[in-house]
Structures are given as C-alpha cells and as structure tokens.
Amino acid sequence: MSARRPTVAPLSLADLAALTSTVADEVRAGLHEVHADAQSRWHVRLRCDDQVDVWLISWTEDQGTQLHDHGGSSGAFTVVSGELSEAVWTPGAEVLAESPRSAGDSVVFGEHYVHDVRNVQGRTAVSVHAYSPPLSQMNYYDVDGHQLTRLASVWTDDPEAPAPDLRAAS
C-alpha cells in the first residue's frame with residue numbers, strides 16, 4: 001500500500017471532535033449496529049473519503065492497542081459507552097500518563113500523538129474514532145526507561161489491522 005496524498009485540507013481538531021461526538025450520538029440512538037468479539041476488537045469503517053475516515057470500535061475486557069501513533073494523521077475519539085484507559089506519551093516529561101476515558105468523553109490529538117488505549121473494565125466499551133487525513137500508516141513504540149523507541153512502521157488504512165510481532169522486535 002502506498003501513502004495517500006490528501007487532495008483536500010484535513011479537518012481541524014475541533015471538527016474531528018464534533019464529528020466523533022455526532023457519530024457517537026448516532027450509535028447511542030441505534031443508527032449503527034455494534035458487535036463485541038472477545039477474541040479481537042470488533043471494528044467497522046463508517047465513512048471514508050479524501051478528508052477523513054471514521055471507525056466504530058468495541059472493546060471487551062482487557063482488549064487494547066499497542067503503543068502507537070497514526071503516521072501523520074490527526075484524530076479524535078469519543079467514548080460511546082463503557083470506560084477506556086488511555087496512556088499518552090508526554091514529550092518533555094518522557095513518561096506515559098494514564099487517564100480514564102468515560103462515556104461522553106472526547107479526545108483530540110495531533111499528528112505526533114503517541115498513545116495506547118485499552119479496556120480495563122469488565123463491561124464492553126464502544127468508541128468512535130476519526131482520522132484526518134485518512135489513516136495510511138501506523139508506527140509502534142516501546143518505552144525504555146525515559147526513552148520512546150519506534151519498533152515498527154506499517155502501511156495500513158485500518159486502525160485495527162494486526163500489528164507486527166513487536167515482542168520479536170524489542
């Protein structure tokens with residue numbers, strides 16, 4: 001897969017937050033069907049154009065991502081239901097700061113945002129994610145002491161595509 005070149009300006013962070021919040025309201029109203037899969041995070045793309053892609057994701061207990069960024073895309077996510085835990089790499093402080101993200105919470109981030117999201121609760125969580133320009137690459141990281149180390153980069157347009165085996169890389 002090659003990198004997509006945006007033909008239109010990316011959405012602003014405010015527009016991304018408004019979009020994920022609106023779609024989260026649609027999910028709560030039953031306009032989008034949600035599934036849960038204990039084996040892997042269920043996800044479906046709701047929109048994809050030259051400017052943005054929007055994903056609906058469910059997270060059963062203990063499901064999460066690996067520490068990653070979105071390869072140059074900015075983004076936002078809104079928690080529809082349940083609670084997620086987000087660990088964010090804080091440049092300058094060189095630490096991962098963890099925060100709970102509850103139903104109704106929205107998070108926006110720029111293109112260099114490194115984070116890990118997971119469900120540490122017993123109840124399934126649901127969230128809506130948007131990326132602008134549309135996702136084309138993900139970079140995976142590890143924290144070694146106070147250093148952030150890139151382990152791998154993957155060309156993908158799917159935020160839930162299987163990550164490379166990073167245990168072998170670290």
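Helices (H or I, at least four residues) and strands (E, at least two) are taken as DSSP runs and numbered from the N terminus. The model is predicted.

**Exercise 1. Backbone geometry in loops**

Task: Determine where Glu94 lies and how exposed Glu94 is, then treat Asp62 likewise.

Solution. 
1. The loop between β5 and β6 contains Glu94. Its phi is positive, about 55°, although the residue is not a glycine.
2. With a relative accessible area of 30%, Glu94 is partly exposed, because this class covers values between 20% and 50%.
3. Asp62 belongs to the loop between β2 and β3 (68–69). Phi of Asp62 is likewise positive for a residue other than glycine, near 70°.
4. The relative accessible area of Asp62 is 57%. Asp62 is therefore exposed, the cut-off being over 50%.

Task: Identify the residues joined by a cis peptide bond.

Solution. 
1. The bond joins Ser132 and Pro133, with omega at about -5°.
2. Pro133 is placed in the loop between β9 and β10.

**Exercise 2. Salt bridges**

Task: State how many salt bridges are counted, and examine the pairs formed by Asp25, Asp157 and Arg101.

Solution. 
1. The count comes to 5 salt bridges, where a side-chain nitrogen of Lys or Arg must lie within 4 Å of a carboxyl oxygen of Asp or Glu.
2. Asp25 pairs with Arg28, their closest N and O atoms being 2.8 Å apart. Both residues lie in helix α1 (residues 13–28), at a separation of 3 residues, about one turn of the helix. Asp25 is partly exposed at 45%, and Arg28 is partly exposed at 40%.
3. Asp157 pairs with Arg45, with 3.4 Å between the closest N and O atoms. Asp157 is in the loop between β11 (147–155) and α2 (166–169), whereas Arg45 is in strand β1 (residues 43–48), so the bridge ties together parts 112 residues apart in sequence. Asp157 is partly exposed at 25%, as is Arg45 at 30%.
4. Arg101 pairs with Glu86 at 2.8 Å between the closest N and O atoms. Arg101 belongs to strand β6 (residues 95–102) and Glu86 to strand β5 (residues 83–90), 15 residues apart. Glu86 has a relative accessible area of 0% and is buried.

**Exercise 3. Nonpolar core and aromatic pair**

Task: Which residues of the largest nonpolar core touch the most other members?

Solution. 
1. The core has 16 residues, of which Trp59, Phe77, Leu84 and Phe109 touch the most other members.
2. At least two residues each come from β2, β4 (74–81), β5, β7 (106–109), β9 and β10 (137–144). The greatest contribution is that of β2, with 3 residues.
3. The structure holds 1 aromatic pair. Phe109 and Tyr113 form this stacked pair, with 4.8 Å from centre to centre and 10° between the planes. Both Phe109 and Tyr113 are buried.

Key: Residues are numbered from 1 along each chain as its sequence is written. This is a predicted model: local features need pLDDT of at least 70, side-chain atom pairs count only at pLDDT 80 or more; totals for chains, interfaces and linings use all residues. Side-chain values use heavy atoms; hydrogens and water are left out. Rings of Phe, Tyr and Trp (its six-membered ring) pair if their centres lie within 6.5 Å; planes under 30 degrees apart count as stacked, over 60 as edge-to-face and the rest as tilted. Buried means under 20% relative accessible area, exposed over 50%, partly exposed in between (1.4 Å probe, protein chains only). A nonpolar core is a set of buried Ala, Val, Leu, Ile, Met, Phe, Trp, Tyr and Cys residues joined through side-chain atoms within 4.5 Å.
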